[in-house]
Amino acid sequence: MLFLQRTNCIVRRKLAVNIQKYLFGSACTLQQNQRQAWATTTVDPMDVERHGQLMKHWWDENGAIKALHSMNLVRVPFIRDGLVQISPDERNATPLINKKILDVGCGGGILSEGLARLGANVTGIDAGKELIELAIKHSKVNPKLNNNLPSYFCTTIEEHCQEFKNHYDAVVASEVIEHVYNKELFVKACVETLKPGGRIFFTTPNRSRVTQFLGIFVAEYVLNSIPRGTHQYDKFMTSPELAFLLDRNNCHVELSYGLSYNPFSNRWKFVKSQILLFAMQAVKLA
């Protein structure tokens, strides 16, 4: 009888192990495959699809992404001043003329057009085919560009950098890195496209509980000032983390500011605190 009890116990254990393997083995394999895929790409397909759904509202300055439009009032001067160090009295309408700028994750071209209006030779890349088509279409009918149209390509930064190493005077990744999988690969590829002495610019939410509450819960689910599902907290990063990745890729951080957004006035401003969002400028060393 004791022998039979022990035998039954062993059988039950083996059966439990097999059931566990059956139930969870495929999930573990899937997670492992996902991690391997994420290691070789920066693109989150769900984020690409989510942004593509906003295509009809992309150029509505009072619509779902009006905050992205109003952000140009601070991020365009931030980039301009980082590339052209001259006094305001010496500035003209096209201070960025002859500057080759790569806009990574350009979407429908809001920032690309803002930089092109200042004379820059802008290349915009995005993994979303529909948004790239929208960007091309909109630039052709924008009279403010004065025939200085950005060039747009549906591609990823890791693909683009293979052909355009040490090519650009500036690389811009505004409100993008919080949507990518492999941030280390993303920064590395961005820097590879940059000329020595060129500058790279980021704006992104900071990973803090304040941002999780105000930037996601309040902004997306209470005030609806940002489309719901736009951000995932675990994909945010901190200013020191981004500075570390830039340092590892032969860049020196020159500036880092906090950013604040007022959803009621739809206005942005630079602030000392980086607890919500931050803007960072770095130079690629020789």
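Author: With seven residues, helix H3 gives the most to the lining of the second largest pocket. The model is predicted: local features need pLDDT of at least 70 and side-chain atom pairs count only at pLDDT 80 or more, while totals for chains, interfaces and linings use all residues. Residues are numbered from 1 along each chain as its sequence is written, and side-chain values use heavy atoms, with hydrogens and water left out.

Reader: What volume does the second largest pocket have, and which residues are closest to its centre?

Author: Its volume is about 490 Å³, taken as the space filled by probe spheres set on grid points joined across faces, edges and corners. A pocket is an open set of points on a 1 Å grid over the protein atoms alone where a 1.4 Å probe fits, with protein on both sides within 12 Å along at least five of seven lines; lining residues have an atom within 4 Å of a point. Of the 19 lining residues, Glu 61, His 69, Asn 72, Gly 114 and Arg 117 are the closest to the centre. Helix H3 (66-83) and helix H4 (110-116) are the elements that give two or more residues to the lining. By residue kind, the lining divides into six nonpolar, seven polar and six charged.

Reader: Why is Thr 193 called buried?

Author: Buried means under 20% relative accessible area, exposed over 50%, and partly exposed in between (1.4 Å probe, protein chains only). Thr 193 has 0%, so it is buried. The residue is found in the loop between H7 and S5. A contact here has heavy atoms within 4.5 Å.

Reader: How do you know that Leu 111 is buried?

Author: The relative accessible area of Leu 111 is 4%, so this residue is buried. Leu 111 lies in helix H4. Arg 75 is 36 residues away in sequence and 8.4 Å away in space, C-alpha to C-alpha. Leaving aside neighbours within four places in sequence, the contacts of Leu 111 include Asn 72, Arg 75, Val 76 and Ile 79.

Reader: Why is Asn 147 called exposed?

Author: Asn 147 has a relative accessible area of 77%, so it is exposed. It is found in the loop between helix H5 (129-140) and strand S3 (151-154). Asn 147 and Ala 116 are 31 residues apart in sequence and 9.5 Å apart in space, C-alpha to C-alpha.

Reader: What makes a group of residues a nonpolar core, and which residues have the most contacts inside the largest one?

Author: A nonpolar core is a set of buried Ala, Val, Leu, Ile, Met, Phe, Trp, Tyr and Cys residues joined through side-chain atoms within 4.5 Å. The largest has 27 residues, and Phe 186, Ile 200, Phe 202, Leu 242 and Leu 246 have the most contacts inside it. Elements giving two or more residues to this core include helix H7 (183-192), strand S5 (194-205) and helix H9 (239-248). H7 gives the most, with five residues. Apart from this core lies another, of 25 residues, including Ile 79 and Leu 115.

Terms used:
Helix = DSSP H or I, 4+ residues; strand = E, 2+ residues; numbered from the N terminus. Nonpolar A, V, L, I, M, F, W, Y, C, P; charged D, E, K, R; others polar.
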